[in-house]
Amino acid sequence: MSQDYNYDEQGQFFPFFVATLAGIVTIPLTYSAFKPSKEAANTAPRIQSDFRPDEADVIEKQRRKQKRAERKLKRMIAAAVGWAVIAWMIYLVANTSRTAVKVWDPYEVLGLSRSVDEKKIKSHYRKLSITQHPDKRRPDETKNETIQDINDQWVEITKAFKTLTDEDIRKNYELYGHPDGKQSFSIGIALPTFLVSESNGKYVLLLYGGILGVLLPYLLGSWWYGTQRMTKENILLSTAGKLFKEYKEEMTSSSVVSVLSAGDEYAEVRNGSRASSGLSTVEKNVMSTNSSLKLTQEDRRQLESLEDETRRKTLSLLWAYLGRIDLGDVTLNEEKFEAAAVAQQLNEAYLTMLPTWGNAQPLLSAYETTKGLIQAIPPGGSALLQLPHFTPEIARSIGESTASKNLTIQAFMNLTEQERRRLSIGPGLLSEDKYKTAMSTATKLPYAKVERAFFKVTGEKHITPGSLILLVIKIRVIPPGTTNIPEVNEADLEDLDPKEGDLDALHGRKGEQTIQPPLAHAPYFPRDHPPSYRAFLSEPKSGKIAVPPFKFQTFDKPIFQADGVTPTFNVVTLKAQFQAPPQAAEYPFRLHFICDSYLGFDHAQDIIMKVEEPTQAEEIVDEGEISEPEEDSLAGQMNALRGGEAKPKTRRIKQEEEDDDESDTEEEDSDDSDSDTDTDTDEE
C-alpha cells in the first residue's frame, strides 16, 4: 500500500480552505470594528439646549474629527477585504465543476442487477466474451477507441466476473472494496498547484518572506512599541516623566495649567511647521489688557519664562481657550481647541499621579483645572460663565450687584425670579430670549446634594481596627432653581445590610441599575464629556490625603424622569471601600465630594470615624441587647401569664460529644441518646 499527495489542480477544495481561514479572522474583526460603543460618552443622554457659541463650527469640526478617529477605520478596511476574499471564494465554489469519486462496482461493470444469481452471471460473461474480447472486437474510430482501450475494458470485465464468482477475490472486494485487496490512497492538499510549481517558486518565496519577514515583525514591533511608550492612562511615558518633575506642593489651578503644557502630545498633534507658528499672534491676544482674560503677574511671568517655543505656544493656546478669546485665524482657533482636549486628557492622568505625593491642595487644584477646561473658564472665573450667553462682563456685573465675588449657579437660581431678571436683563446684559435659554439650561444641570455621609462595616454595628470600611454617601440630584422639593425619607438615608447568605449582594455582584447622568453641558469643549463624581478623605490639620479618590460615573437609581428634565429626587447611594486604621481612636476627616464637570457643584464636610477595640465593641453589644426570658424560667412563665412571648429553651450539646470524632458505633449511639435527652425540648 502506498500513498500519494495531490494538490487541488481543479480548485475544488482550495476555496473552502481560504474561506475558512478568512472567516476565522474576518468575523471577530468585523464585530470589533462595528460593535456599538459602551463608553459613557456615546451612551449617556444629553442636556438639550439651543445655545451655540460664536466658534460653534470650529468646535463641531473638532468633535467630528474625534468621531472619525474613533471609527477604527483600519479595522473596517481589513474587515471589508476579508469579506471580499470570502465572497470570491464562494463564487469559485459555486462555479467550479465537481469531480465525483467513482466507486468500483462489479455489477455495473458487467451491466447486471444485484439480484442475479451466479448462473446468470456466468452466462452473461460468456456472451460478453463473444462481443467484447479483444480478439473479436475492432476499435470504433468514431469514438477514438484504441486497442489499448479495448484491452483495458476487457480486463475490467474479467476482474468483475472473478469478483462475483471466485470466493477469495470476493472476500477482498467485501473487505477492502477492491478485488485486489488494499489499494494505495492519495491525500489531497487544499492548495492550488501553482503554489508548488517550480516556475512560481521565487514568487511564493517572496510572498512568504514578505509576510513572515516584514509584515509580522512590523505588526509585533508596532504593538510592542505602542505598549512601551504609553502609560495605562494612555499618555506618553515621556509626558508622565515631565508631569512628575513639574510637581510642587503649593500648586494652584494656574500652575496646573502651566504643568499641563509640558506634554509631548501637543507636538504630535501640531507636527511640522505648526509646532510654533503663530506664537506671536497667540501671545499678543493673551497678553492684551483689553481681552476678557486677566492674567495675574505670576501667570505672565511663567509664560514669558518658557524658552521652548512649542510649549510656550501650547500654554498661550490654553490661556486663549480658557479666556474664550477669538484668535482671528481659523488654524489657530482649531489648534486652541485641540490643545484643550489634549490638556484634559493629560490632567486626567495627572489626577491619578497626584495622590502619590499625599497632599490634598494640588489634587483640589487639578480638579478645579478639569472643570475650567471642560467649561472654558480661567482659574478664579465666575461659575455663572457656565450658563449660555453669560459673559465675564455680565457675571462681574451680577457679582458686584449681589456683593458676592464667587456666586454659584445654585445661589443665583435661589434668588427670586424678579431679582434674577433685574440682575440679568438690560442694556449690555441679556435679552429676554437669551435669559430664558440660560435659565432653561440651569434647571437641567445635575447638581448632586449630599444628604448624609457615614462609615460602616457590613454586618457589624461597630468599626474595629483593620476592618473593611464602607464610606456611604447618600445624595439627591436637585437641579438649581428646582422648587417644591420633597423632604427626604429618613429610611432612604440608612444603608441596610444584605440578607444573610446573599453572597451576590455581599460581594457586589447583585444586579443593580446603572443610570448615567447626562453628558456635561460644555458647549466650548471639543469632546463629549460624561460627568463623574470623586470622593476622597483628607486630614483637616495637615492637609494630607487620608483615603485616595474614588470615582463614580453611574447611579443605582434614576435621577430624572422619562422626559429627562423633571428630577425624581431619588436618594442615590454611593459606596467606597477601604481598610480601617490599625489603632482604636476617633479619626477626624474632611470629606471632599467633587463634580469634575461643573464649577460650584462640590461639597466638603467634616466627618469622624470612630474605631473601637473588639473587646470594647462586644461589651457595648452585650449591654445594649436585652433578650427575652426563656420559657422554662420563672421570668418566662410570668411573662407568658402577662400575655408576652417567651424565648424557647436553647439547644444544649455537650462539647465532649462534638469533639469525640474517633468513638466507635456503640459510643456514638450512647452519645446520641444523651444528646437527645438534653435537647428534648427542641424536638417535636
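1. Aromatic cluster. In this predicted model, F455, F578, Y587 and F589 are linked into a cluster by ring pairs. The count of aromatic pairs comes to 14.

2. The pair Y321 and F337. These two residues form an aromatic pair with an edge-to-face arrangement. A pair of aromatic rings is described by the distance of the centres and the angle of the planes. For Y321 and F337 the centres are 5.9 Å apart, and the angle between the planes is 85 degrees; planes over 60 degrees apart count as edge-to-face, which is why the pair falls in that class. Y321 belongs to helix α15 (residues 309-322) and F337 to helix α16 (residues 330-353), so the pair ties together parts that are 16 residues apart in sequence. Both Y321 and F337 are buried.

3. Is S532 buried or exposed? With a relative accessible area of 1%, S532 is buried, because the class takes in residues under 20%. The side chain of S532 makes a polar contact of 2.7 Å with the side chain of D596 and another, of 3.1 Å, with the side chain of R534. Leaving aside residues up to four places away in sequence, S532 touches K551, F552 and Q553, together with I594, C595, D596 and S597.

4. A nonpolar surface patch. Which residues make the nonpolar surface patch of about 590 Å²? The contributors are L207, Y208, I211, L212, L216 and L220. Of these, I211 is placed in helix α9 (residues 201-229). The relative accessibility of I211 is 39%, so this residue counts as partly exposed. A patch residue needs over 30% relative accessible area, and the 39% of I211 is given above.

5. The chain as a whole. The chain has 26 helices and nine strands. It comprises 684 residues, of which 37% count as buried. The accessible surface comes to about 40700 Å², and carbon and sulfur atoms account for 52% of that surface. Among contacts between residues at least 6 apart in sequence, 68% join residues at least 24 apart.

How values were computed. Residues are numbered from 1 along each chain as its sequence is written. This is a predicted model: local features need pLDDT of at least 70, side-chain atom pairs count only at pLDDT 80 or more; totals for chains, interfaces and linings use all residues. Side-chain values use heavy atoms; hydrogens and water are left out. Patches are made of residues with over 30% relative accessible area and no salt bridge: like charges are joined within 9 Å, nonpolar side chains (Val, Leu, Ile, Met, Phe, Trp, Tyr) within 5 Å. Accessible areas come from the Shrake-Rupley method with a 1.4 Å probe; for residues, only the protein chains shown count as cover. A salt bridge is a side-chain nitrogen of Lys or Arg within 4 Å of a carboxyl oxygen of Asp or Glu. Helices (H or I, at least four residues) and strands (E, at least two) are DSSP runs, numbered from the N terminus. Buried means under 20% relative accessible area, exposed over 50%, partly exposed in between (1.4 Å probe, protein chains only). A polar contact is a pair of N or O atoms within 3.5 Å; within protein, one must be able to donate a hydrogen and the other to accept it, and residues adjacent in sequence count only if both atoms are side-chain atoms. Contact means heavy atoms within 4.5 Å. Rings of Phe, Tyr and Trp (its six-membered ring) pair if their centres lie within 6.5 Å; planes under 30 degrees apart count as stacked, over 60 as edge-to-face and the rest as tilted.
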